[in-house]
Amino acid sequence: MNKIDHYSIGARIRKQRELLKLSREQLATELDVTSKFISDIELGQKGMSIKTLIALSKVLSIPTDFILFGVNPTSATSPEDKIYLTSANPIADSDKLSFITNYIAENFEPKEK
């Protein structure tokens, strides 16, 4: 069995937390843990329970498979290659949506009826 890569797991958690503009303290409050525990997880110094993993998945809006392995089982591409529209900032979501809309308009032809 492969060894668990706590460092990579922590890096993915930190990246998504920062994308959502959550502080460690805010995430800790949501999970009912200490900010030191969140820091230890993000630095790869500690693991977490299944209960905490599931709660993280919900709060960060990412699948547990992505947290653990860096891949989304429902997609052939890694979630790191996708643009997420999950943010606590509606203006940032609007900017992302505008970018996606422009990208689609510039790179895809509409289907003929």
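The following questions and answers concern a predicted model of a protein.

Q: How many helices and how many strands does the protein have?
A: Read along the sequence, the protein follows the pattern α-α-α-α-α-α. The counts are 6 helices and 0 strands.

Q: What percentage of the residues of the protein count as buried?
A: A residue counts as buried when its relative accessible area is under 20%. The protein has 113 residues, and the share of them that count as buried is 27%.

Q: Which residues of the largest nonpolar core touch the most other members?
A: This core holds 15 residues. Helices H1 (6-19), H2 (24-31), H3 (35-42), H4 (50-60) and H5 each give two or more residues to the core. The members that touch the most others are Ile13, Leu27, Leu56, Leu60 and Ile67.

Q: Which residues does Ile13 touch, not counting residues up to four places away in sequence?
A: Ile13 belongs to the largest nonpolar core, as do Leu56, Leu60 and Ile67. With residues up to four places away in sequence left out, the residues that Ile13 touches are Ile41, Glu42, Met48, Leu56, Leu60 and Ile67.

Q: What is the separation of the closest N and O atoms in the salt bridge between Glu18 and Arg14?
A: Both residues lie in helix H1, 4 residues apart, which is about one turn of the helix. Glu18 is partly exposed because its relative accessibility is 40%, and Arg14 is partly exposed because its relative accessible area is 38%. The closest N and O atoms of the pair are separated by 2.8 Å.

Q: How many residues apart are Glu42 and Arg17, which meet in a salt bridge?
A: The side chains of Glu42 and Arg17 meet at an N to O distance of 2.5 Å. This pair links distant parts of the chain, with Glu42 in helix H3 and Arg17 in helix H1. Both Glu42 and Arg17 are buried.

Q: What distance separates the C-alpha atoms of Arg14 and Leu43?
A: Arg14 is found in helix H1. Not counting residues up to four places away in sequence, Arg14 touches Arg24 and Glu42. Arg14 and Leu43 are 29 residues apart along the chain, and their C-alpha atoms are separated by 8.7 Å.

Q: Which side chain is joined to that of Thr52 by a polar contact of 3.0 Å?
A: Thr52 lies in helix H4. Thr52 counts as buried because its relative accessibility is 13%. The polar contact of 3.0 Å joins the side chain of Thr52 to that of Ser49.

Q: Why does Phe69 count as exposed?
A: Phe69 lies in helix H5, which covers residues 64-69. The cut-off for an exposed residue is a relative accessible area over 50%. Phe69 counts as exposed because its relative accessible area is 58%.

Q: Which residues make the nonpolar surface patch of about 280 Å²?
A: Patches are made of residues with over 30% relative accessible area, and Phe69 has a relative accessible area of 58%. The patch of about 280 Å² is made by Leu68, Phe69 and Val71.

Q: What percentage of the contacts with a separation of 6 or more comes from residues 24 or more positions apart?
A: Contacts in the protein with a separation of 6 or more form the basis of this percentage. Residues 24 or more positions apart account for 49%.

Notes: Residues numbered from 1 in each chain as written. Predicted model: local features only at pLDDT ≥ 70, side-chain atom pairs only at ≥ 80, totals over all residues. Heavy atoms only, no water. Patch = residues over 30% accessible without salt bridge, like charges linked within 9 Å, V, L, I, M, F, W, Y side chains within 5 Å. Areas by Shrake-Rupley, 256 points an atom, 1.4 Å probe, with all protein chains shown as cover. Salt bridge = Lys/Arg side-chain N within 4 Å of Asp/Glu carboxyl O. Buried < 20%, exposed > 50% of the residue type's maximum accessible area, 1.4 Å probe, protein only. Core = buried A, V, L, I, M, F, W, Y, C linked by side-chain atoms within 4.5 Å. Contact = heavy atoms within 4.5 Å. Polar contact = N/O pair within 3.5 Å; in protein donor to acceptor, adjacent residues only side chain to side chain.
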